[in-house]
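Hi,

Here is the structure I promised to pass on to you.

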Amino acid sequence: MKSHVKAVVIGGGVVGCSVLYHLAKAGWTDIMLIERSELTSGSSWHAAGGFHTLNGDPNVAKLQAYTVQLYKEIEEISGQSCSLHLTGGVMLADTPERMDFLRLAHAKGRYLGMDTELITPSEAKAMFPLMDETNFVGAMWDPVEGHLDPSGTTIAYSKAAKKLGAEIVLRNRVVDLTQQPDGTWNVVTEQGTVHAEHVVNCGGLWAREIARMVGVELPVLAMEHMYLLTEPMPEVEEFNKSTGREMIGVLDFKGEIYTRQERNGILLGTYEKACKPWSPVNTPWDFGHELLPPDLDRIAPSLEIGFKHFPGIEKAGIKQIINGPFTFALDGNPLVGPVQGLTNFWCACAVMAGFSQGGGVGLALSNWMVHGDPGFDVWGMDVARFGEWAGLRYTNAKVRENYSRRFSIRFPNEELPAARPAQTTPLYDTMLANNAVMGDSWGLETPLWFAPKGKEPKDVVSFHRSNDFGPIGEEVRATRERVGVTEIANFAKYEVSGPGAEEFLNRLMTNRMPKAGRIVLTPMINEFGKLIGDFTIAKAGEDRFMIWGSSAAQKYHMRWFEKHLPKDGSVRIHRFDQTLVGLSIAGPKSRDLLQKLVDVDISTKAFRFMDFREMAVGGAPCLVNRITYTGDLGYEIWMAPAYERLVYKAIKDAGEEFGVVDFGMRALLSMRLEKNFPTWFRELRPIYGPLEGSMDRFIKLEKNDFIGREAAAKEQAEGPKLRRVSFIVDAADADVMGDEPIWAKVSKDYGTVEKPHGYGAPRFDTSGQEIRGSKAAEGASAVRGIVDGDWRVVGWVTSGGYAHYVQKSMAQGYVPAALAEDESAGLFEIEILGSRRPARINVEAPFDPSGEKMRT
Ligand SMILES: Cc1cc2nc3c(=O)[nH]c(=O)nc-3n(C[C@H](O)[C@H](O)[C@H](O)COP(=O)(O)OP(=O)(O)OC[C@H]3O[C@@H](n4cnc5c(N)ncnc54)[C@H](O)[C@@H]3O)c2cc1C
């Protein structure tokens, strides 16, 4: 065993071996994988070996597609077979709602380069004759599905990595990790200490224990999972003989069941409602190649549905029941990336579908370690997406909820109840008393909308407009015509201070820093010129700046800030979290209201648009911004939580004469739509350049040498490939949710239709082959369903909804820049729930296009 390496990967399951292979492939060959036992000694050996591409997050779906196409490559390099069976598979819908869900998934596939197809239950039965098709209303076919040999695949990765120069040390447990003053690590193992620049936690079932060695509690939990194998079935053998094909994989949402052919019988697994965590607090180190006792009673309700839906299977004898543990994060997606607060400590954990996702995880992580960036939009699996609130008990409740809903529909307006309320502000009870429907905003209870008095404050979940539509409209109209107040405690808030603060921010941000008492809006971009943040910054003092950003990105942004902090201690960063809370008031009467609560002049000239001031509001010391996300005259008022009830009551009392109303996050988002304002994580993400995001006026190339300046200059010189545009949609009773395809009737080719996935991201054709260079364009247009006569899919929706004040259904999305700029380009349609609705680009914000109201 070497005593010094560039990187140590802990864990020889499928994920660790994939990370090792990808690091070696990227050129880091001085690397070592350390496994406490033999390879596959966690979950990997007893997996059902199924793989598929569909994922709720299109970016994760794309990485799953990469994983599938990788198998041929590692087989070739290693000489080890993965026993790949690319059978294809169907997802069966038993209700119209589920069919809507499949239509949405199919529509997304149009610009992701996926080749799914909507088919009838009878067509599905022709490929899986054991089903009773009368239980279903439709299905979606995905050719990129199948199964493989889990152990063979893990070994193929490991052999391929070894061929490239990586070392694998078996039967050697990592017992401790200690960080050296220079940021490198001492990896203490049973066989001695290895010094490494980087450490990667691929501990699978023990990922939590490894993270604890460095003082981190990862939000990951193992769940017991069962699948059964039948005796050989004559129906299967007969099908194979008569068609010359294997039976396909089937996913039955209603039964929470997946099933497929295994040898000449059937494999059937369930995600049962009565799910059971395994080793919820500590994973025993002596757990080996073991299975857990089967518990048929637990999966009996799923099996009952399964046998009704697949009567052919009921008749077969059960040969074996496998019950094994594997890990999940709160939302079922992996935890990947550098852990905030630590140097060179990386994670590739909670990979619940290692054989669908392992390759993509390995590629993204190796890119990140070697090139400083994952190279893809990996937010959906970034370890930074959960906060400190996701502790052991929170994780336990949320993982159980997620497991039991694995195949359930998540409606766009659906808030899930487990582990809530976790964090509350002092106004929580007041908001409930005001009949607020609360939502979870990065672990914090936040008012979404207010139900009318006498009505139960509860969302009726739906893909269509729902019971919040009327009340949100009321909140918006009252705010736009009088004044409204909303709680904005969920925004991210930071203070950057010290003699180097301004220089530091100027290096990170694309816009100039404000003068004292002023505010600027600024994007933040990475070295590749992609958007990684969007902030409001106020200069609060000589060496002090206040920063507001996206709530969910707090750890993501802190990680970036910390990475770039000067080593000389001249800059300090503080993340407030809930130690600073906020209220926003907006609407034409908001100034009159605020003036009643403060002892300073806040007239237009004395307190201008984009001014920042410290002032007492209702007697409480506050920071006040003259800006709001409503795009109206308005203010954000920030205070310590101890003052929040006082300030809120003062606003409500003083506002009575103006008819002040409460409004929630959904009204706020509706108002931003009619101002064409983008949102972080929807319109603005690290796959877009700032010009593509139509953030041109915030990019000041001439100010100084900021991170990404060169790339931004290149984007400016060459022109953006895409453009964020806003649409008005002729919708019926459903508005866009995000990720819908945008169609255009075009007479010429305006360029790319496939969603970028990051710089240099691999793209695939429908057989899983990577498409390179000029072939990429051909490959994209070859994808089924993106051309229909003169119409073609030209882009994708990022978000939208109903803009209540202007009474229009609106959407924002990306289309090729040449098309966005060509006024004669013609007609657009946006596909909502499978139906193409007329849409038109809307250049000027429909509400107050000149911005006069907010500047008044
Ligand atoms: C019943 C069942 C069916 C499944 N079916 C499928 C399926 O059909 N498709 C699919 O994609 N996935 C399936 N899975 C999930 C799949 O098994 C996991 O996604 C995958 O195995 C995770 O791999 P991993 O490498 O992250 O973790 P693991 O396989 O748990 O590997 C972790 C490794 O780290 C080692 N290790 C831990 N701590 C240390 C330490 N301190 N020092 C050294 N080594 C250490 C362990 O010994 C272990 O070998 C299934 C799982 C189960 C239980």
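A419 is partly exposed, because its relative accessible area is 23% (buried means under 20% relative accessible area, exposed over 50%, and partly exposed in between, with a 1.4 Å probe and protein chains only). Please keep in mind that this is a predicted model, in which local features need pLDDT of at least 70 and side-chain atom pairs count only at pLDDT 80 or more, while totals for chains, interfaces and linings use all residues. Residues are numbered from 1 along each chain as its sequence is written, and side-chain values use heavy atoms, with hydrogens and water left out.

Back to A419: this residue sits in the loop between α11 and α12 (helices are DSSP runs of H or I with at least four residues, strands are runs of E with at least two, and both are numbered from the N terminus). Its phi is positive, about 65°, although A419 is not a glycine. The loop between α11 and α12 (428-433) also holds P421, and the peptide bond from R420 to P421 is cis, with omega near -5°.

On the helix side, E401 belongs to α11, which covers residues 392-404. Is E401 buried or exposed? E401 counts as buried, because its relative accessibility is 11%. Its side chain makes a polar contact of 3.0 Å with the side chain of K398 (a polar contact is a pair of N or O atoms within 3.5 Å; within protein, one must be able to donate a hydrogen and the other to accept it, and residues adjacent in sequence count only if both atoms are side-chain atoms). Not counting residues up to four places away in sequence, E401 touches L416, P417 and A418 (contact means heavy atoms within 4.5 Å).

An unreviewed UniProt entry places the feature "domain: FAD dependent oxidoreductase central" at residues 371-424; UniProt positions are given in the numbering used here, feature names are shortened, and annotations may be inferred rather than shown by experiment. In the model, the end C-alpha atoms of residues 371-424 lie 40 Å apart, and the span is 26% helix and 0% strand.

R263 is another residue with a positive phi, about 50°, although it is not a glycine. R263 lies in the loop between β14 (257-262) and β15 (265-270), and counts as exposed because its relative accessible area is 69%.

Now to the ligand. How many residues surround the ligand? There are 39, and the closest are E35, R36, S44, V351 and G354 (a residue is near a molecule if one of its heavy atoms lies within 4 Å of it). Several backbone atoms lie by ligand oxygens:

- V14: a backbone N or O atom is 3.3 Å from an oxygen atom of the ligand.
- G49: a backbone N or O atom is 3.1 Å from an oxygen atom of the ligand.
- G50: a polar backbone atom is 2.8 Å from an oxygen atom of the ligand.

S18 is found in helix α1 (residues 14-25) and is buried, because its relative accessibility is 0%. Leaving aside neighbours within four places in sequence, S18 is in contact with Y157, G358, G359 and G362.

E167 is in strand β8 (residues 167-169). Beyond four places in sequence, the contacts of E167 include M1, K2 and L20.

β29 and β30 run antiparallel, joined by 6 bridges, and F612 has N625 of β30 as its bridge partner. These two strands form a hairpin with 2 residues between them, and G618 in the turn has a positive phi of about 60°. β30 (residues 620-625) is also antiparallel to β31 (residues 634-639), with 3 bridges, and N625 is partnered there by E636.

Best wishes

Terms used:
Pairing = 2+ DSSP bridges.
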